[in-house]
Amino acid sequence: MLQRRFGVGLDAGYGCIGRGTMAHIKRGPWWTIPFLRVGKIRNILIPDLGTNVPFTIENYPYRDPFGRETITFVREYRVRRRPSRFDATMILSDGKVLDYLGTHQHLAVDLDLSVERDGSLRLRSDAQRFYEGPVAFRFPLLFSGRAELHESFDDAKNVYRIRLEVRNDFFGFLFGYEGEFTCDFVPASDAPDRLKPRRHERRV
């Protein structure tokens with residue numbers, strides 16, 4: 001089931017819509033709130049707290065303006081009346097998975113994917129680069145966070161389980177959540193415009 005979920009692509013011809021509940025959404029101490037609120041401006045971080053929070057995740061394949069096959073990983077959390085949203089789009093570059101974050105793809109993050117002994121998927125973020133117009137620099141991890149995500153499939157309950165923690169090397173825990181969801185697999189050869197970034201970044 002994990003292979004099917006992460007098999008979304010143009011050749012596969014389908015997308016994946018996940019709907020479920022976050023048992024909890026957590027954040028670090030009070031001084032992390034400004035950091036998280038800045039990230040919310042471009043749908044990069046979530047400053048909200050909550051339990052039993054409805055959420056969706058939408059994975060659609062499309063070809064970006066530079067001809068690269070791209071997959072959306074757009075999550076929406078309904079903590080408040082107006083939902084919070086986390087935008088990510090992934091491409092394959094030189095055999096590595098690259099994750100662009102935010103509405104304008106300001107951050108390009110290298111991802112390391114591995115399979116655990118129990119068959120679950122572990123994803124870790126690594127080097128990050130910031131792009132805005134002519135400005136480009138490696139983003140210091142001292143001012144950012146490393147994400148570690150675990151995703152698995154519960155055969156007994158027929159649900160996907162997901163757990164994420166974002167930590168800063170110096171300040172510790174910043175943000176995290178844990179929940180479960182089910183998926184619908186729908187025919188797709190493009191992503192809805194509402195899920196695509198407002199600006200695509202050529203640089204990797």
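## Overall fold

The chain folds into 2 helices and 14 strands, taken as DSSP runs (H or I of at least four residues for helices, E of at least two for strands, numbered from the N terminus). Its radius of gyration, over C-alpha atoms, is 16 Å, close to the 17 Å of the globule rule for 204 residues, so the chain is as compact as a globular protein of that length; the rule is 2.2 Å times the number of residues to the power 0.38.

This is a predicted model, in which local features need pLDDT of at least 70 and side-chain atom pairs pLDDT 80 or more, while totals for chains, interfaces and linings use all residues. Residues are numbered from 1 along each chain as its sequence is written, and side-chain values use heavy atoms, without hydrogens and water.

## The nonpolar cores

A nonpolar core here is a set of buried Ala, Val, Leu, Ile, Met, Phe, Trp, Tyr and Cys residues joined through side-chain atoms within 4.5 Å, with buried meaning under 20% relative accessible area (1.4 Å probe, protein chains only). In the largest one, of 33 residues, Met-22, Tyr-77 and Tyr-177 touch the most other members. Strands giving two or more residues include β1 (14-27), β2 (50-59) and β14 (172-187); β14 has the largest share, 6 residues.

Leaving aside residues up to four places away in sequence, Tyr-177 touches, among others, Met-22, His-24, Tyr-77 and Leu-149, where a contact means heavy atoms within 4.5 Å.

## Burial across the chain

Of the 204 residues, 50% count as buried.
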